[in-house]
Amino acid sequence: MNLHEYQGRALFKAAGVPMPDGDVASTAAEAEAIARRLGGTVVVKAQVHVGGRGKAGGVKLAKNAAEAGAVAGQILGMSIKGLVVQKVLVVPAADIANEAYVGLIMDRDSQRPVFMVSPAGGIDIEEVAANTPDKIRRLAVDPRYGLLPHQALGLALFLYSDIAKARAAARIMEQLYTVFTTNGCSLTEINPLVTTPEGKVMALDAKVIIDDNELDRRPDLALLRDESAEEPSEVAARQANLTFIKLSGNVGCVVNGAGLAMATMDLVKYYGGEPANFLDIGGSSNPEKVVNALRIITSDPAVKAILFNIFGGITRTDDVANGIVTATKQFKVNVPIVIRLTGTNEAEAFRILKDVGMTALSDMDEAVRKVVGLVGGAA
Ligand code: GDP
Ligand code: MN
């Protein structure tokens, strides 16, 4: 789950990370009032779940309250990488002497939180990573001991040769590690971490991604979810209790069980197709889940054919067949459906489908080759 900057800032501040005080606004008038209260030059920042807001015109300086209102009026409602800005953050502008990067991610290879830091932070960090990777230093943290003081200082000295600044940055890294571990994050990032002309070190941005698996035990964090900023199909799937991840292909997949779903996607790719989604309707699927699954998949215009791959165990294949029939009565499915069913109540399932003129296969390989052939893949 992605957090907005203003939400991430609250977690950072609770851990003691130095950041300018600010506030969030939904209208230009609110932004102007905040800027008036803060006084002086402010920065108005689009609150959307993407990086690169600065380059897209979503981060602007304003010299006074009136200008902040005008700038907020421009940013609110603008679209950044397809996301419409609904809120802006207004913060006092900092004087920047230098911009560094500090990120902490959960790394699958080392199975540890890994720090990545660079003295060349700011809006071009992706280019730094691509062109001058030696300007980035990595450190995997052993979760048994946490980030040790000498490790934090070592990373900080890669950013600043000045010991006072390095000590300040080391503290911030320890605080960032605390945010990461106490909130079940998969990513926490400060870009830019700045120094001011007076030598102060502080964070001017806050990016936080919370591991979705953390949310059941942290209802306080779950409340931070902004569904209006998420992929609509994934929101609908979550509300329908389906495990769904949108992908970029054209073969819609409806499968029961995560392992079978992975195997199905592998086979689709093996025969030259591209899955449009990962979707697990779960163990004890009822017909309604199937209806919801089909509704979500057919709302994606990229989907050119749909593959059902159901292995009936606890899942009753007649329930799935009933779901398919109900769905096609409730709304028009304009793409071909290939159905593979086997297991519990399969004779009943085949009969239900036959009654409405649909057929099902029992062989997975055959079904996958058929659906890939239908979308024009190399079957
Ligand atoms: P992002 O582009 O989405 O990562 O948004 P950031 O919050 O990182 O802002 C982008 C850039 O705007 C930063 O790298 C800074 O150069 C600039 N910026 C942000 N806040 C301030 C500020 O308080 N003062 C000044 N002078 N520039 C700022
Ligand atoms: Mn940033």
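Biologist: How many aromatic pairs does the count come to?

Modeller: This is a predicted model, in which local features need pLDDT of at least 70, side-chain atom pairs count only at pLDDT 80 or more, and totals for chains, interfaces and linings use all residues, while side-chain values use heavy atoms, leaving out hydrogens and water. Residues are numbered from 1 along each chain as its sequence is written, with chains lettered from A and ligands numbered from 1 in the order in which they are written. Rings of Phe, Tyr and Trp (its six-membered ring) pair if their centres lie within 6.5 Å, and planes under 30 degrees apart count as stacked, over 60 as edge-to-face and the rest as tilted. By this rule, the count is one.

Biologist: Which geometry do the rings of tyrosine 270 and tyrosine 271 have?

Modeller: The ring centres of tyrosine 270 and tyrosine 271 are 5.1 Å apart. Their planes stand at 80°, so the pair is edge-to-face.

Biologist: Is tyrosine 271 buried or exposed?

Modeller: Buried means under 20% relative accessible area, exposed over 50%, and partly exposed in between (1.4 Å probe, protein chains only). Tyrosine 270, at 63%, is exposed. Tyrosine 271 has 16% relative accessibility, so this residue counts as buried.

Biologist: Which residues are the protein donors of the manganese ion (ligand 2)?

Modeller: Donors are N, O and S atoms within 2.8 Å of the metal (3.2 Å for Na, K and Ca); water is not among the atoms, so sites may look incomplete. At 2.1 to 2.2 Å from the manganese ion lie its protein donors, Asn191 (O) and Asp205 (OD).

Biologist: How many residues apart in sequence are the parts that this pair ties together?

Modeller: Helices (H or I, at least four residues) and strands (E, at least two) are DSSP runs, numbered from the N terminus. Asparagine 191 belongs to strand E10 (residues 185–195), whereas aspartate 205 sits in the loop between strand E11 (201–203) and strand E12 (207–210). The parts tied together are therefore separated in sequence by 14 residues.

Biologist: How much of the accessible area of ligand 1 does the protein cover?

Modeller: A polar side-chain atom of arginine 53 lies 2.7 Å from an oxygen atom of ligand 1, and one of aspartate 205 lies 3.2 Å from an oxygen atom of this ligand. Accessible areas come from the Shrake-Rupley method with a 1.4 Å probe; for residues, only the protein chains shown count as cover. Of the 560 Å² that ligand 1 has on its own, the protein covers 83%.

Conventions. A polar contact is a pair of N or O atoms within 3.5 Å; within protein, one must be able to donate a hydrogen and the other to accept it, and residues adjacent in sequence count only if both atoms are side-chain atoms.
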